[in-house]
Amino acid sequence: MFDVQSTMTFLLQHPALIGLLGLAGVPLLVHLISRARPPVYRFSNIEFLRRVMRSSARVRRPRDRWLLILRTLALLALAGAFIAPVVISKSAALPGEDVAVVVLIDRSASMAAREGAGSRFDVAQARAAEYLESLNPTTANLIWIDASPDAVFPEPSPNISFLLEKLDEARPVPEPGPASPAIDAALRQLAAARGRRELVILSDFQQSAWRDLEIQMPPDVNVHAQQVASSAPANVAVTGLLAQPSAPVVGQEITLLARVRNFSPEAVRANLTMDADGARQTQAAEIPAWGETEIAFPLRAAGAGPLPVTIATEADAFPDDDARHTVVSVRESLRLAIDTGGAEPAAELLGKLAAALPWLESTSAESGGRAPDYRFIAAWDGKNAGELRSLSAAGATVIVCPTPGCPPAALAELTGSPENQLPASFARETRADGWNVLPEENHPSIALFRGGDFGNPFAGTFRERIAMPAATAGRAIAWYADRVPAILEFLTDGAPVVLWNLPLNPAQTDWPMQGNFLPAIAEILLHLRPRAGNDAMEVPSGSALSWSSANPDLAATIRLDDPDGKPLDLTESHDAGGTTWSWPGPARPGIHRWISSGQTLAASPVNFPEIESDLRTVAEVPAIGRIDSGADTLVRKAALANGIPLWPWLALLALAFLLTESIIHLRSAR
């Protein structure tokens, strides 16, 4: 056995016949001692004839060199065929040694991208089957690279035919495919295997999943990485969908913000269509190369309940990420909890305000029932700041009107603002002729009045206020004419906290008597709903789905329909809180509806993983090195592992040499 290169060796199957190579000297001997036929001369003197015969029988230098070379090569090739040399991989198993193979096949969402007649996954299936059939290992296993890597067998098995069946049945799934968990699972299986260990990875080697892979490959495992992607198709994807506000009321305008990304080196124009439970709109978007843009769709909810919304772009070479889904929970009304704190006239005015707005109901802060959406404290003395902050974190907007004795530290605790950016005290000041108030025109809650058609939303006179510097922390919604903040909004991790510096007592202002009072308060309250989107409602693709209810009447009627309207099999579990219905998944992108008696009670939006939309690949992985992309690379490696016999080629080569020698000899004779 001797080296040909670092990865291959020659193995002689019949080394005892190596002496046949000595036959290569036969043509040379024949040429050296060949006796030429002497010419015929008629002489009377026999001495001359004897000299001619001696000259013909003498050993002499060969004259037909090409014939000698061809005959020698023919005998060498023929002798080599009998010796039966084999080209074999240097890492191949020894005769009788076991071979364990684990094939990792990427079936994450990006593998569904089509390149030519088939998808990347189709290519991976074909190459994996060819490799297993060519190598015919002692034991083998398949492990899928997806969100939760799983193997066909718990350990490599000799049942190769079953693996090929499972391979043929498999399809890509709309899930991300981190590489590390799958490789770890494969290495654990190979560590317990006997004999030569082979790890084969078939993937598109998408940048987002493979670029930063850090894993230590054992030196005794032969790794074959095969890339099945030949290009990066241009792709436009809807990667985000946000509803503002996240919990609107009936009749309130909703803004749906769709984020669209262009994964290609050229700018594109795409048409986006919004479908809100049958209501459709279409807009065009210009998206720069490798960039993104946002498109806003306005919508008004006609009724309360879950409102499924889908925004989709035109189909392209990778249609799986062309749509995004959300469900907007439209409410019949919002709840305003009023804490009078001794300011009964203001509380009475707020109660009348709630009665005038069909989507707003008022209650006292002490009453029970469902959690409030707003907590309005008409005279706040700084107590319970921590409790109010927790209420804000839970999603309720807290509005406070500080009293003169309220410590600034309490407002700092409530809003999370530095105390040095708040007023040193909340001293009140009065003015007989009052102050005028102007809106902060850049604030979203003033958008209705920005054009001037509806006048000043704060028209009227205000004769009492808290003295505050203009540089007070927070975002102003309205200002007094001398730049003292009238309404300040503090953004927190939950719902906003608002410092209200406008009197609501009719004895201190005539604002409630103005025509713009009701629409101004309504717009401010609607804006002060939490502006965080409803991404938390989304379910990752491939996950399980569940829904709970304390209503015992639903137990026999609840069902879950998939995006195509087909019912799914559910399981039930019961506890003190009620009943939970579950479907194990994997959930595919779309809107799944929880239905009872023909009515949609809730909906679960399932979205495509954004990380899988970028179809660009890598040619090298730090933990693996350079990746093979040739279509027949795996088959050639399998053949080298089994050994490629060379005797058929040597026999053909011998025949070729002899045929060439015959042709040259005939031409010479002519």
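A: Helices (H or I, at least four residues) and strands (E, at least two) are DSSP runs, numbered from the N terminus. Here the chain has 13 helices and 38 strands. This is a predicted model, so local features need pLDDT of at least 70 and side-chain atom pairs count only at pLDDT 80 or more, while totals for chains, interfaces and linings use all residues. Residues are numbered from 1 along each chain as its sequence is written, and side-chain values use heavy atoms, with hydrogens and water left out.

Q: What share of the 670 residues counts as buried?

A: Buried means under 20% relative accessible area, exposed over 50%, and partly exposed in between (1.4 Å probe, protein chains only). By that cut-off, 46% of the residues are buried. For contacts (heavy atoms within 4.5 Å), take pairs at least 6 apart in sequence: 71% of them join residues at least 24 apart.

Q: Now a sheet, please. In what order do the strands of the open five-stranded sheet lie?

A: Strands of a sheet pair through backbone hydrogen bonds, either parallel or antiparallel. Two strands count as paired if DSSP finds at least two bridges between them. In this sheet the order is S8-S7-S4-S9-S10, with mixed pairing. S8 (150-151) and S10 (221-227) are the edge strands, each pairing on one side only.

Q: Why is S7 called largely enclosed by the rest of the structure?

A: Because seven of its seven residues are buried. Thr139, Asn141, Ile143 and Ile145 point one way from S7, and Ala140, Leu142 and Trp144 point the other way.

Q: Which helices pack there?

A: For angles, axes are lines fitted to C-alpha atoms (for helices over the stretch in contact), and values run from 0 to 180 degrees between N-to-C directions. Helix H4 (residues 120-135) packs on the sheet, touching S4 (99-106), S7, S9 (196-203) and S10, with its direction at about 175 degrees to that of S4. Helix H5 (residues 160-169) lies across S4 and S7, at about 20 degrees to S7.

Q: How do I read empty space?

A: Rolling a probe the size of a water molecule over the atoms shows where empty space is left. On a 1 Å grid over the protein atoms alone, a cavity is a set of points where a 1.4 Å probe fits but cannot get out; a pocket is an open set with protein on both sides within 12 Å along at least five of seven lines; lining residues have an atom within 4 Å of a point. Grid points are joined across faces, edges and corners, and a volume is the space filled by probe spheres set on the points.

Q: What is the volume of the largest pocket, and which residues are closest to its centre?

A: About 580 Å³. Of its 21 lining residues, Gln252, Glu253, Pro444, Glu523 and Leu526 are the closest to the centre. H11 (517-527) gives the largest share of the lining, four residues.

Q: And which residues line the largest cavity?

A: Leu336, Leu350, Leu353, Phe376, Ile399, Trp500, Ile521 and Leu525, around about 50 Å³ of space.
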